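The following exercises concern a predicted model. Each task is followed by a solution in steps.

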Amino acid sequence: MAPRRPLKKRQIPNSSAMPVGAVDTDALLSLPQEILDEVLARLDLRDAVRTSALCRAWRRRWETLPSIDISIPSGKEALSTIDCVLLRCSGRVQRFYVSLDKLSARRLDDWLLVLSRRGCVEDIFLSPEPHEFFSLHSAVFSWRCLISVDLSACHIPPLPPDFEGFPVLKVLSLVDVKFQQNGEYQLEEIIETSPLLEQLILSEVHIGGDEFIEWEIRAPNLRHITICSTIDYGWAYSQEVNGTKILENLPCNFDNLKSLKLFMDFCELPPILSVFCLLKSMPNLEKLKMKIYNGEVQKVELNGEFLNAQWEDGMCANLQILEMTGINWLPNEISFMKLILSKARLLRTLWISHHGDCSVSHVDPLHELVTCGKASAQAQVLFKGAVENH
């Protein structure tokens, strides 16, 4: 009888001995499609592309995402990265954040047209590096799903005839942008047709032409507004005093506005009176920040009695923080701060910093503010020292 052959033991695969990458990849592949899309969508774009190295099944996985975010902080990478992504990924782009260099600025029109065909962009941020003006394509005005628009150093084209507005826009930031002649009408229409607008930043907006027409900011849902301009482009409902326009009335109350930042001049009457007009129209304002940008010599002195006469019931009823930056300890500045301290019943903090070149000692005026009568028992006067104005 022939001897039996020894039986070979069957080898059972040990999952712990398998390559870790293989286990992880199999686990990922077993997830539902919508979960995989959610995982990739949460990654930075470059990390999402790197998943191509996981395995063969993931080589083109990122290209099938239904939506992606493009965020390129450096203009040097923008050209090749965006061309590659838009060529290989057919999904819509929700966020488009790009710092443009000279080469990528030349391709911007092509990218914006591609984005228009892909679907709804929600957030767009465009800024050139270095700071050289680029031209915005009018295709952006057809993006009705925009929630946030942040543009700097660009030429704004005229509105197309079929422009219907931005129905869900909440943030509009325009910094050092240029409109064509009568651009104030265009800006007025953009704001008015954005009914959900909450934050508006207009800093050094330039409008072509020598004559400016009255225009209005109609945005009843505004919560935060910043306006910085060295040129008067004609506020609505204003009157003239000695040839200077003074803001007398606003077309509506901004009941939802919580925060206001002003670039102020306390040396002359018009800007001071304009402040009272603004405060009258913003009954729920909680934070007021004033940055002083002009002069050390008062052309007119306004005492507490005059300022008190401008006060109306309901002004600063909810004001909690007043911040005065770059003051020169002028009597007008001190009188205004004392007025707020004596009227704002919910005020918690008055922050003060003086201009770096201020030659006036802060000791006596600061003592005057600390010891003056206050409407709020919690009000504190905090001095932050010198701050350079830029």
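**Exercise 1. Charges over rings**

Task: Determine which ring R95 lies over, and which ring the charged end of K178 sits over.

Solution. Begin with R95: this residue lies over the face of Y97, at 5.3 Å from the ring centre. A charge counts as sitting over a ring if, among other conditions, NZ of Lys or CZ of Arg is within 6 Å of the ring centre. Turn next to K178, whose charged end is placed over the ring of F133, 4.3 Å from its centre.

**Exercise 2. Aromatic pairs**

Task: State how many aromatic pairs the structure holds, and classify the pair formed by F141 and F163.

Solution. The count is six aromatic pairs. For F141 and F163, the ring centres are 5.8 Å apart and the planes stand at 80 degrees, so this pair is edge-to-face; the cut-off for that class is an angle over 60 degrees. As to location, F141 belongs to the loop between strand 4 (134-135) and strand 5, whereas F163 belongs to the loop between strand 6 and strand 7, so the pair ties together parts that are 22 residues apart in sequence. Both F141 and F163 are buried. Ring pairs also bring in F166, linking F141, F163 and F166 into a cluster.

Task: Carry out the analysis for F276 and F336.

Solution. The centre-to-centre distance is 6.2 Å and the planes are 75 degrees apart, an edge-to-face pair. F276 is located in helix 7 (residues 269-280) and F336 in helix 9 (residues 331-343), so this pair ties together parts that are 60 residues apart in sequence. F276 and F336 are both buried.

**Exercise 3. A loop residue**

Task: Locate D162 and decide whether D162 is buried or exposed.

Solution. D162 is found in the loop between strand 6 (154-155) and strand 7 (171-175). Its relative accessible area is 59%, so D162 is exposed, the cut-off being over 50%.

**Exercise 4. The neighbours of strand 7**

Task: Identify which strands are joined to strand 7 by five bridges, and in which direction they run.

Solution. On one hand, strand 5 (residues 148-152) is joined to strand 7 by five bridges, and the two run parallel. Here L151 stands opposite L174 of strand 7. On the other hand, five bridges connect strand 7 with strand 9 (residues 199-203), again in parallel. In this pairing L172 has L200 of strand 9 as its bridge partner.

Conventions. Residues numbered from 1 in each chain as written. Predicted model: local features only at pLDDT ≥ 70, side-chain atom pairs only at ≥ 80, totals over all residues. Heavy atoms only, no water. Helix = DSSP H or I, 4+ residues; strand = E, 2+ residues; numbered from the N terminus. Buried < 20%, exposed > 50% of the residue type's maximum accessible area, 1.4 Å probe, protein only. Pairing = 2+ DSSP bridges. Phe/Tyr/Trp six-rings, centres within 6.5 Å; stacked < 30°, edge-to-face > 60°. Lys NZ or Arg CZ within 6 Å of the ring centre and 35° of its normal.
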